[in-house]
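Please work through the following exercises with the sequence and the model open side by side, and try each task before reading its solution.

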Amino acid sequence: MSRVIYKEGREPHPREHRVVFKNVDREGWDPSMDMYLSEGGYDQLKKALTLKPGEVTDEVKKAGLRGRGGAGFPAGVKWGFIPPTNEKPVYLICNADESEPGTFKDRYIIHQDPHQLIEGMAISCFAVGAHLAYIYIREEFPEGAQILEKAIEEAHKKGFLGKDIQGSGFDLEIYVHRGAGAYICGEETGLIESLEGKRPYPRIKPPYFPAAMGLYLCPTIVNNVETLCHVKHIMEIGSEKWSQTGKPNNTGTRILCVSGDVKKPGYYEVQVGHVTMGELINDICGGLKDGRELKAVIPGGSSAKVLRADEKFTIGRGDDAKEISIWDIPMDFDSLAACGSMAGSGGVIVIDDSRSISWVLNNINNFYAHESCGQCTPCREGSLWMKKITDRVVAGKASPADIDTLDSVARNIDGRTICAFGEASSWPTESFVEKFRDELVADTNPELEGVVVNAETFTAAANL
Amino acid sequence: MSEEKTDLLDVQIDGVWHKFPKGTRMIEACKQAGVEVPHYCYHPKLTSPGNCRMCLVEMGMPPRPAPGAEPAEPDEDGHLPISWMPRPVIACANTIGPNMGIKTTGPLTEGCREGVMELLLANHPLDCPICDQAGECSLQEFSVEHGKGESRFREQKVKKPKNVEVGPRIRLDDERCIMCSRCVRFTDEIADDPVLGFTDRGSHTVLTVYPGRELANNYSMNTVDICPVGALTSNDFRFQMRVWFMKETNTIDVNCATGANTTVFTRQGKIYRITPRQNNDVNSDWMPDSHRLNFHWIESEARLTEPLVLDGDHHRPATWSEALTKSADKLSALKGSEIAVIASARMTNEELLITNRLVKHLDAGHVDTVPRIEENDGYLIAADRNPNTNGVKLILGLDDPGSQLDAIREGIEQGRIKGLIVLQENLVGDAGFSGELLGKLDFLLTTYPLANPTADLADVVLPGACWAEKSGTMINVTGRLQRLNKVVDGPGATLEPWEIVRDLIQATGGGNGIYAATDLFKQLAEQVSEFSGISWEQIGDLGLPLIETGETIPLIEREKERIASGLVVG
C-alpha cells in the first residue's frame, strides 16, 4: 500500500493510529467509488460473502468491538440478540444522528470516506441477515446525506448493493433517511420510531429491545457509523490482529473529538487506552491555552459526568488498584467508567479556569431542556426545571438552597425515565453539583432564599 | 415448586407471597393482591407507553449465580431469595417473573412517586377551584397520597393554550395536560380516528388536534372519561355541577340493543352526566357520545306530568282514577278482537310481562311493538335501536316484532280495530301511522313521557316514566340480561309503565296485587322458562348471559383479539 500523505496542516499527530480515519484529510483523496476501489475497496465485502454469516459475527465478537456511539456495548453480542427462531425480516440501521454535543467524528467519515461505511454496513448486514438497511442521518448533515446517496448509487452500479451482490446470492438495499433535527433520534428506539414516521418517542425496554422488536417490530440492529466502519477493518486484518490494538476489553482504535479550551481541538484516532488524558490534552492537542489551568474535563460527550482537574481517581481492582490524577486516566471505556464517568461518544470537552462552571452547566442544561422529547414525566419537566434554576444561578438570582433543589431534581430524573436521555440530562447536573458545589454556591445570593423570581426576565437580562 | 402448575408464578408483593398466572402485568398482580399502584398513563384497555412513571416500583428477582457458583437455595416454603434491583421499574408494562419481588412501599418506590408528583405539578396551573375534574382528579388524589404537600418550584410556569375547542363536544386545557397520551391512544386504538397528537418538545409539549381536523367522532367523549386530569372536559358537563355533590346510580343505556352499562350522575333529581361503566362483555369502558348525551329531553317542557283526557276537542288534566275509569269504560265496550295493543321494545321485561297479561285479560286481537332497525356502527351501537327486542320476543312471544303493524293499520282502516292501546310509543312519529288513520279509532290510549302527535289524537294520555325513572330488566343484543335501575323520580304524577298497565288491568276488572317491579321479575322467573332460577339480586350490576342470540358486539370482539395478542390487559 502506498504511503498515505495528508493535507498540509492536517497531518495526524504521531500518537494517532489511523484506521477508520485513514482517508480523512488525505491528500488527493475524494469520496468517489474509483478512489475507494483503487485502495482495495469492497474487497472485504467480497471476502465476507464467501464466509458464512455466523463466521463474520464470530469475527466481530472475537475482536471485542465495542459500540462507538455512546454506550460501548459489544457489537457482536448485540448482533447475537436476534432471536434464533426469528422468521421476520431483519433490519440494520446505521445511526448517523451524531448529536451528542462535543462529538464530531461520524460526519468526517460520511463526508470523506462514505464507501468505508457502506462496505462496513454491507458486511454487517450479511452477518445479521439483513437485506434492508437504513442510514439515519441527522438533518444538520444535508451534504453528508447527498454524499451517501451518491455513494450508494455508485455501489449499486458496481454491484456492491442490490440483488445478488457479486454473484453471492445476497441482496441488500441501503436507504438514507434524514432526521428532522432532534437529539432524541440518536436513541435507538426513538430513531426507529422516527424512521417509522412517528414522533421519536423512545420505546419502553422491555419489551421493545430492537434486536428482537425493532423497526416495524422486526429484529433490528442499530450501530453507530464508526462501529460499522470498524467491521470492515476487522474483516481486513482479522479479529486477532485487530484486537491487538487498544487494550483488552477495550480493543481497537477510536476517534476522540476534543473541543473546548485546548490549543488544537479536533479529531484524533488513537488506540483505545493507549493515551492518557494528559497526553491527549498536552501532547496531541497542544496543551491548554497559554496561562490557563485545567478546571474540568467532560470525557465522553456532554452527558458524561464531569471530571474535576484536582480529583483523585482509582482505577484497576484489587492488587492492581492505583490512585491517579486526571492527567493519568487512560482514554478507554473501562478506565473512564472506573473514574465515575464514561467514554461515551468520544467527545472530550476541556474546560479551563476561564470558564464559569455555572455557565457551563447552564449551557448543557439549556441543550437538554431543549432536546427532551417530552414523552415521560421526569425528563420532560425536570430538564426544563434544571435549566431554569441554572438560568437564575448564572443571572445571580438564585439562592444556595436552589443548588440543593437542582441536585434533587436531577436525582428525580436519573434512573426513572423511559430512555437514557434521563441520565444524559441529569448526570451533568449531578456531577457538577457534586464536584463544583462551592463554585455554584458562590454564584448564588443567600438573601434570595425563598424569594420567587421570574426566571425568564433574568435570563433575558443576562442575554442568554 | 416443581409440583405447581407452570402457568402460575410465585410473586412476593410487599413481603407477602402470591400466585399469579404467567403474563400478568405487575400492576395487575398488585391490584389483585389488594395493593394499589398509582398510575396515570396506564389503562388496561389501551397499550402501555409507560410514560407517566408514576407506577415505578422496586423490583427484585432471584440472584443469578456467578459463573461456577451454586444457585441459591430455596427457603422452606420453596421461595428463592430476592436480589433487589437498584433501579425502579414500571409496574404497568412489565409482566411478572418467577419468584419476583415487588415493593410498593419503601424509600425507593416512595421517592419515585414523590418525585414524579412534584415534577407533574411543577408546570401544572393548580387551578383546582375552577377545574371540572376536581374531586375526581388523579393528580389531586395522588398528590395527597404521595406528594410533598409543598412546592419547591420557584420558576415561571410554561404557558400553553387554554380553552381549546378540539371538537364539538370536547374542550382542552393544555396547561392541565400531563401528556399521559390516554386520549391519543384511545382515538387511535379504539375509535380508529387518530386526530389527536403531541406537538413541540420537552416541557413545551402540547396535546393538539391535527390541523384541519377535529375530535368529532361519536366516541370522543370517552377521552374526557379517561383523562386523569382536567385537560379534556365535556362541553355538556363543563361547569354544571361539582362532582362531589352528585349521586351515582348504576344503570344501562337504552338507546340501542347493546345496553351499554352506565353510571348516571344526579343531584336533587336532576341528571347532570352519564358515563360508561365498565362491562367487558357489553361496552368495555366506553359508550357513544350520542347515547350519553341523550338525556336532556328528560327535563323538557314537553314532559307529560299528569293524565289527560280528551274533552270535546281539547285535552284537560285528569286524576289517574278518572283517566283509568274512562279507559276501562271505553275498553269494556269493545270486543277483544276490536282491541289492539302496541307496546314498545323500549319497555322492560317486567313491563312486557304485565303487558302480556293485559293483552290476555282484554283478549286483544292484536299485539305488536315498533321495530327500530338501522345500521350497526361497527363499534358499540347495535343495528337494533330498541334496547329490549329480545325481551319482546321472549315475553310477548313475537317472533318478528313489527310484522303485524300493517295488519293493525289495515284493521283500523277497515274498522275492524276500534280500540288501540299504545304503550311508550309515538306511532305517528316512529311507526308510520297517519293521524287520519288514528282518527278512525273509537278509542286511543297512549302512555309516553313526552307530548307527541299520537298523544295529540288520543282519548286518554297517560304520563309514562322514561328509562331513568323506572327499574326493570332488559335483554341485550347478545342475550345478556341486565338491570335498568331507577335514577330519578318522574315528574308530577308520572307512573312507571308497569304501574300504569297494572292499574289498567285493575280498572278493567282484573286484580293482581303487584307492588314492585321485583315482584314482576319473580313472576318472570316462574313463568318464562329462560328466566327460571334467576333472582333479581343475582343479575347484579353487570348482568348475566340469559339466552344465545349468536350476535356479537364488534368493539368487544376486537378487544378480545387485543387481549389475546397481549397488546392490552383488558
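**Exercise 1: a helix and its surroundings**

In this predicted model, the buried residues of helix H14 of chain B are Pro497(B), Trp498(B), Glu499(B), Ile500(B), Val501(B), Arg502(B), Leu504(B) and Ile505(B). Work out how far H14(B) is enclosed by the rest of the structure, and state what covers its buried residues.

*Solution.* Next, look for the covering elements, which include the helices H7 (320-332), H8 (349-362) and H15 (517-527) of chain B, together with the strands S19 (419-423), S20 (443-448) and S21 (460-463) of that chain. Finally, follow the chain beyond the helix, where H14(B) is followed by Gly509(B), a residue with a positive phi near 95°.

**Exercise 2: a sheet and its edges**

Determine the strand order of the open sheet that contains S22, S23 and S24 of chain B, and explain why one side of each edge strand has no neighbour in the sheet.

*Solution.* The 3 strands run in the order S22-S23-S24, with antiparallel pairing. Strands S22 (472-475) and S24 (544-545) of chain B each have a single partner strand and stand at the edges, so one side of each is left without a neighbour in the sheet.

Notes
Residues are numbered from 1 along each chain as its sequence is written. Chains are lettered from A and ligands numbered from 1 in the order in which they are written. This is a predicted model: local features need pLDDT of at least 70, side-chain atom pairs count only at pLDDT 80 or more; totals for chains, interfaces and linings use all residues. A residue is buried if 20 or more other C-beta atoms lie within 10 Å of its own, exposed if 12 or fewer, and partly exposed in between; C-beta atoms are placed from the backbone. Helices (H or I, at least four residues) and strands (E, at least two) are DSSP runs, numbered from the N terminus. Two residues are in contact if their C-beta atoms, placed from the backbone, lie within 7 Å. Two strands pair if DSSP finds at least two bridges between them.
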